[in-house]
Amino acid sequence: MAIIIGIDPGSRMTGYGIVQQTGDKLTYIDAGTIRTDTKEMPERLKRIFNGLTRITQHHLKYADEPIYTAIEQVFMAENPDSALKLGQARGAAIAAMVALDLEVSEYTARQIKQAVCGYGAAAKEQVQEMVCRILSLDVVPQADAADGLACAICHAHSSHSMNKLILNSAMRGRGASKKKGRWRLTEEDLGNLR
């Protein structure tokens, strides 16, 4: 079991989504948006940092399982000023997580959309719809919150896939048999994994 916090950084609105991963199953915990309704960039960065710190500390206090964080990477926008502001917001979010001694994984927008929708150029509405389906939500989250949840889902899928790859490579050297493209574990191997 693990808790994953996904972050969609933005200088005006930073979305976050929190899910719990138990094996293949993902469960919705929380999602929302940190709004920075001010013109001063240093104040916006402070609000992003403080907001994410407060939310994460709450979950660190009450969670027994490990917490992982994932954040969307900056893409190069047509407007350099917008890209710089987005980079600063992203830096504030990463700093908040690192200050709490959490590891931060980074994913491109294309990777996140591919993991959630199966299509790297999916529209925001498609991402919202698929997040609702994957997490069995009755209410569609706000777009930035849905993007935060999508980032968390992407990390869950990536880490789950990576664990399978590691397990498979470990099994090759331990005498496990392979039939029709799948590894078959012996009883001894299963006992060692528990």
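Modeller: One definition to begin with: contact means heavy atoms within 4.5 Å. The model itself is predicted.

Biologist: Which residues does Asp-8 touch, not counting residues up to four places away in sequence?

Modeller: By that 4.5 Å cut-off, Asp-8 touches Met-13, Thr-14, Gly-15, Glu-72, Asp-144, Asp-147 and Gly-148. Asp-8 lies in strand S1, and its bridge partner in S2 is Gly-15.

Biologist: Why is Asp-8 called buried?

Modeller: Buried means under 20% relative accessible area. Asp-8 has 7% relative accessibility, so it counts as buried.

Biologist: What makes strand S1 mostly covered?

Modeller: Seven of the seven residues in S1, which spans residues 2-8, are buried. Ala-2, Ile-4, Gly-6 and Asp-8 point one way from the strand, while Ile-3, Ile-5 and Ile-7 point the other way, and all are buried.

Biologist: Why are S1 and S2 said to pair, and in which sense?

Modeller: Two strands pair if DSSP finds at least two bridges between them. S1 and S2 (residues 13-22) have seven bridges, so they pair, in the antiparallel sense. A hairpin of four residues joins S1 to S2.

Biologist: How do you know that S1 also pairs with S4?

Modeller: The cut-off of at least two bridges applies again. Five bridges join S1 to S4 (residues 67-72), so the two strands pair, and they run parallel. In S4, Ile-67 is the bridge partner of Ile-3.

Biologist: Which residues does UniProt list for "binding site"?

Modeller: The unreviewed UniProt entry lists Asp-8 and Asp-144 under that name.

Biologist: What makes you say that they gather at one spot?

Modeller: They span 137 residues in sequence, but no two of their C-alpha atoms are more than 6.5 Å apart, so they gather at one spot. The lining of the largest pocket includes both Asp-8 and Asp-144.

Biologist: Where does Asp-144 lie, and why is Asp-144 called buried or exposed?

Modeller: Asp-144 lies in helix H5 (residues 143-172). Its relative accessibility is 12%, and the cut-off for buried is under 20%. Asp-144 therefore counts as buried.

Biologist: Which residues is Asp-144 in contact with, leaving aside its neighbours within four places in sequence?

Modeller: Asp-144 is in contact with Asp-8, Met-13, Gly-15, Tyr-16 and Thr-33. Met-13 and Gly-15 are also among the residues that Asp-8 touches.

How values were computed:
Residues are numbered from 1 along each chain as its sequence is written. This is a predicted model: local features need pLDDT of at least 70, side-chain atom pairs count only at pLDDT 80 or more; totals for chains, interfaces and linings use all residues. Side-chain values use heavy atoms; hydrogens and water are left out. Buried means under 20% relative accessible area, exposed over 50%, partly exposed in between (1.4 Å probe, protein chains only). UniProt positions are given in the numbering used here, feature names are shortened, and annotations may be inferred rather than shown by experiment. On a 1 Å grid over the protein atoms alone, a cavity is a set of points where a 1.4 Å probe fits but cannot get out, and a pocket is an open set with protein on both sides within 12 Å along at least five of seven lines; lining residues have an atom within 4 Å of a point.
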